[in-house]
Amino acid sequence: MTKNPKRVNNPDAVKNDLLNAAGQILITHGIQAFTLDIVAKEAGISKGGLLHHYPSKKALLDGLFKREMDLFKREILSSMEKDPIEFGRAARAYIGLNSDGAEETPAILRHLLAAMLIDPQLSQEWIHHYWSVIKSIGLFEAATPALLLACMAADGLSLWNILEADILDQKNRNDLYGLMKQLTLEPENKHS
């Protein structure tokens, strides 16, 4: 009989393994099949070990959501640093206009949204956290109606991606992103 190697005492690595396993379970099986037992097994950690770091299913989902929001914030800030035009920089980063080969909405966000839709408490807490992240990047500082409209249009497209609604062909999608980009430029630069 072989024994599993002992896990090195590294709480951050264990938490990361648990969040990775939780994300994988959500993506492959959906929120309805998401249980602490399945996550612990996927991570190769005892349920007691999982409960030590995340004392409930909600705490684990909260941890996963907060990790995704931290990643989202880092991506936006990185994009803003690369943008030489100050006006509308935060909006362009939020929309993803500065990303090299912007990817589709990550599958994990689709499943976190599903969790929000079935749990009003999660929804309220996560929306509050989401908006605090958005405000922290300066998205609403000196926001014009055009900048807000561009961000709201991007939110609509993101929601369609999350829900896997194949409504637009690539040409229309590209045209919409072009219009959104125009909305993020200062009025005298809109025709460049």
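These exercises work through a predicted model of one protein chain.

**Exercise 1. Fold and confidence**

State how many helices and strands the chain has, and where confidence is lowest and highest.

Solution. 
- Start with the elements. The chain has nine helices and zero strands. From the N terminus on, the order reads α-α-α-α-α-α-α-α-α.
- Next, take burial. Of the 192 residues, 35% count as buried.
- Then look at the range of contacts. Among contacts with a separation of 6 or more, 65% join residues 24 or more positions apart.
- Now turn to confidence. The mean pLDDT of the chain is 86, and 90% of the residues reach 70 or more. Helix H6 (residues 107-118) has the lowest confidence, at a mean of 84, while H2 has the highest, at 95.
- Finish with residues 1-6. Their pLDDT is below 50, and the stretch has zero contacts in the model beyond near neighbours in sequence. Where pLDDT is low, predicted coordinates should not be read in detail.

**Exercise 2. The buried side of H2**

Identify the buried residues of helix H2 and explain how they are placed around its axis.

Solution. 
- List the residues. In H2 (residues 36-43), Leu36, Val39, Ala40 and Ala43 are buried.
- Check their directions. These residues cover an arc of only 100 degrees around the axis, which puts them on the same side of H2.
- Recall the helix geometry. An α-helix has 3.6 residues a turn, so residues three or four places apart point the same way.
- Find the partners. The buried residues of H2 pack against helix H1 (11-29), helix H3 (47-53) and H4.
- Look past the end. Just after H2, glycine 44 has a positive phi of about 70 degrees.

**Exercise 3. Helix H4 and its cover**

Compare the span of H4 with the expected value, then find what covers its buried residues.

Solution. 
- Take the span. H4 has 26 residues and reaches 38 Å from its first C-alpha to its last, close to the 38 Å expected at 1.5 Å a residue.
- Pick out the buried positions. They include Leu60, Leu61, Leu64, Phe65, Met69, Ile76 and Met80, along with Asp62, Gly63, Glu68 and Ser79.
- Identify the cover. It includes H1, H2, H3, H5, H6 and H7.

**Exercise 4. Aromatic pairs around Phe72**

Classify the pairs that phenylalanine 72 forms with tyrosine 94 and tyrosine 130.

Solution. 
- Count first. A search of the whole structure finds five aromatic pairs.
- Classify the pair with tyrosine 94. The ring centres of phenylalanine 72 and tyrosine 94 are 6.1 Å apart, with 70 degrees between the planes; the pair is edge-to-face.
- Phenylalanine 72 lies in H4 (residues 57-82) and tyrosine 94 in helix H5 (residues 89-95), so the pair ties together parts 22 residues apart in sequence.
- Phenylalanine 72 is partly exposed, at a relative accessible area of 22%. Tyrosine 94 is buried, at 9%.
- Classify the pair with tyrosine 130. The rings of phenylalanine 72 and tyrosine 130 have centres 6.2 Å apart and planes at 20 degrees, so this pair is stacked.
- Tyrosine 130 lies in helix H7 (residues 120-136) and phenylalanine 72 in H4, so parts 58 residues apart in sequence are tied together. Tyrosine 130 is buried, at a relative accessible area of 19%.
- Widen the view. Ring pairs link Phe72, Tyr94, Tyr130, Trp131 and Phe140 into a cluster.

Conventions
Residues are numbered from 1 along each chain as its sequence is written. This is a predicted model: local features need pLDDT of at least 70, side-chain atom pairs count only at pLDDT 80 or more; totals for chains, interfaces and linings use all residues. Side-chain values use heavy atoms; hydrogens and water are left out. Rings of Phe, Tyr and Trp (its six-membered ring) pair if their centres lie within 6.5 Å; planes under 30 degrees apart count as stacked, over 60 as edge-to-face and the rest as tilted. Helices (H or I, at least four residues) and strands (E, at least two) are DSSP runs, numbered from the N terminus. Buried means under 20% relative accessible area, exposed over 50%, partly exposed in between (1.4 Å probe, protein chains only). The arc is that of the directions from the helix axis to the C-beta atoms. Contact means heavy atoms within 4.5 Å. pLDDT is the predictor's confidence in each residue, from 0 to 100. The expected span of a helix is 1.5 Å times one less than its number of residues.
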